[in-house]
Amino acid sequence: TQAPTSEIVQKSLLALAESSNCPKQIAPYLVKAAPFVGKAAQKIEEAIPLVQKFIAVLEKYYELIKPYRPDLLVPSFIGLIMCFFGGSYLTVIAAWEAFMMCGYDSTKECVMVLISDFQKVVDANKKDDAKDDDGDGVSDVLQISNRELLQRKVLLFLRTMDPHRLTVAVAGINAGFLAVIATLKLEFAKTITLGNSIGSVLEPPAKEYVLPLLEKVMPPEYRKWAWPLISYSIRSVAISIAWFVQRIISAFHSAIRGGLMFSRNIMKYLSDMNIYKINHEESMLDELVGYALAALGLWFQLSMGFAVPFPLNIILFPFTLLEYFLMWAVTNHK
């Protein structure tokens, strides 16, 4: 009988909670979490073959559509998004561009290394779970104590994994994300500075004229909150104004970039597919089409107030959440 992954993971967590090295404050939480983590590990193990099949299907269909040049059509589609929604997702686009420039290649290589090494651990763990050295028909991992099981799995992990490859891979992934964060903070530092400058200009007159009026209408016991309320409101409005100005600048930049990305990739696609032979490097047509599309995209963004119309707002809702999160991270983290 082979040991279920959920039972093995649960026993390992219980053994960790019982060990002398585990802090007493954490041990009770490990005991409570053990059943849920065990079930989650079982589901992950069951999902791995499905994910592998899904990737194989994607590779199969990609080979089918490869003659139709998705490598040119996809950038063209991204260019259209940048043209018409660049100002709505300025931090997302900036983060993606920073990641592609600074961390994509290294992160991809490091992730592939981790996946390869993790697969080795999974395969070795399956073989270990199936071992029955005493020949009684029951896996050995089901006949040992929790402490022995934890020690056995830790030693299995240490034997299978390459520490140098693991260290380099984790460091590479971390460096890629740090590069993105640093680029975002550097790019939007002027926006934050502008917001703080606007706030510092508006606060003195607000303290002189608005604060006395607000204190008059507030109960005496709550008047101490009058100035913090005014200050936070002013800062919020100032930061919003600064971000709106930045959105206009980013919309202009992304519209031009997206328009040229669309026109050049489409022209190369038409030429490579023998639909219409044209070399964008020897023609001004790509610039004319790109700038016309950029003007249309910028007008659309300004007329919509950088709002995403229905039903695209539902489709792009995850990117909207990511946009607000990145704005919060850039604005509130020093």
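This is a dialogue about how to read several features of a predicted model.

Colleague: What share of the residues counts as buried, and how much accessible surface does the chain have?

Modeller: Of the 334 residues, 33% count as buried, while the accessible surface comes to about 21300 Å², with 69% of that area belonging to carbon and sulfur atoms. As for contacts between residues at least 6 apart in sequence, 79% of them join residues at least 24 apart.

Colleague: Which residues have the most contacts inside the largest nonpolar core?

Modeller: The general idea is that, in soluble globular proteins, nonpolar side chains tend to be buried together. In this structure the largest nonpolar core has 23 residues, and those with the most contacts inside it are Leu184, Phe188 and Trp243. Two or more residues come from each of α3 (70–85), α4 (90–102), α7 (163–187), α9 (226–272), α10 (285–303) and α12 (317–332), and α4 gives the most, with six residues.

Colleague: Which residues does threonine 91 touch?

Modeller: Threonine 91 lies in helix α4 and counts as buried because its relative accessibility is 0%, where the cut-off is under 20%. Not counting residues up to four places away in sequence, threonine 91 touches Leu184, Phe188, Trp243, Glu323, Leu326 and Met327. Leu184, Phe188 and Trp243 are also the residues with the most contacts inside the largest nonpolar core.

Colleague: Turning to cysteines, how many disulfides does a search of the whole structure find?

Modeller: In general, a disulfide is a covalent bond between the sulfur atoms of two cysteines. Here the search finds zero disulfides. Cysteine 83 is buried, with a relative accessible area of 0%, and cysteine 110 likewise counts as buried, at 9% relative accessibility.

Colleague: What should I look for in the backbone, and where is the peptide bond that is cis?

Modeller: The background is that most residues other than glycine have a negative phi, and most peptide bonds are trans. In this model, the peptide bond from phenylalanine 310 to proline 311 is cis, with omega near 5°, and proline 311 sits in the loop between α10 and α11 (312–315). That loop between α10 and α11 also holds phenylalanine 306, which has a positive phi of about 65° although it is not a glycine. Phenylalanine 306 is buried, with a relative accessible area of 9%.

Colleague: Is asparagine 274 buried or exposed?

Modeller: Asparagine 274 counts as exposed, at 58% relative accessibility. Its phi is near 60°, a positive value in a residue other than glycine, and its place is the loop between α9 and α10.

Colleague: Finally, how should I read residues that are separated along the chain, and what is the distance between the C-alpha atoms of leucine 288 and leucine 260?

Modeller: Leucine 288 and leucine 260 are 28 residues apart along the chain, and their C-alpha atoms are separated by 8.9 Å; leucine 288 belongs to helix α10 and is exposed, with a relative accessible area of 57%. In a second pair, serine 197 and isoleucine 239 are 42 residues apart along the chain, with their C-alpha atoms separated by 9.4 Å. Serine 197 is found in helix α8 (residues 189–217) and is partly exposed, with a relative accessible area of 35%.

How values were computed
Residues are numbered from 1 along each chain as its sequence is written. This is a predicted model: local features need pLDDT of at least 70, side-chain atom pairs count only at pLDDT 80 or more; totals for chains, interfaces and linings use all residues. Side-chain values use heavy atoms; hydrogens and water are left out. A nonpolar core is a set of buried Ala, Val, Leu, Ile, Met, Phe, Trp, Tyr and Cys residues joined through side-chain atoms within 4.5 Å. Buried means under 20% relative accessible area, exposed over 50%, partly exposed in between (1.4 Å probe, protein chains only). Helices (H or I, at least four residues) and strands (E, at least two) are DSSP runs, numbered from the N terminus. Contact means heavy atoms within 4.5 Å. Accessible areas come from the Shrake-Rupley method with a 1.4 Å probe; for residues, only the protein chains shown count as cover. A disulfide is a pair of cysteine sulfur atoms within 2.5 Å.
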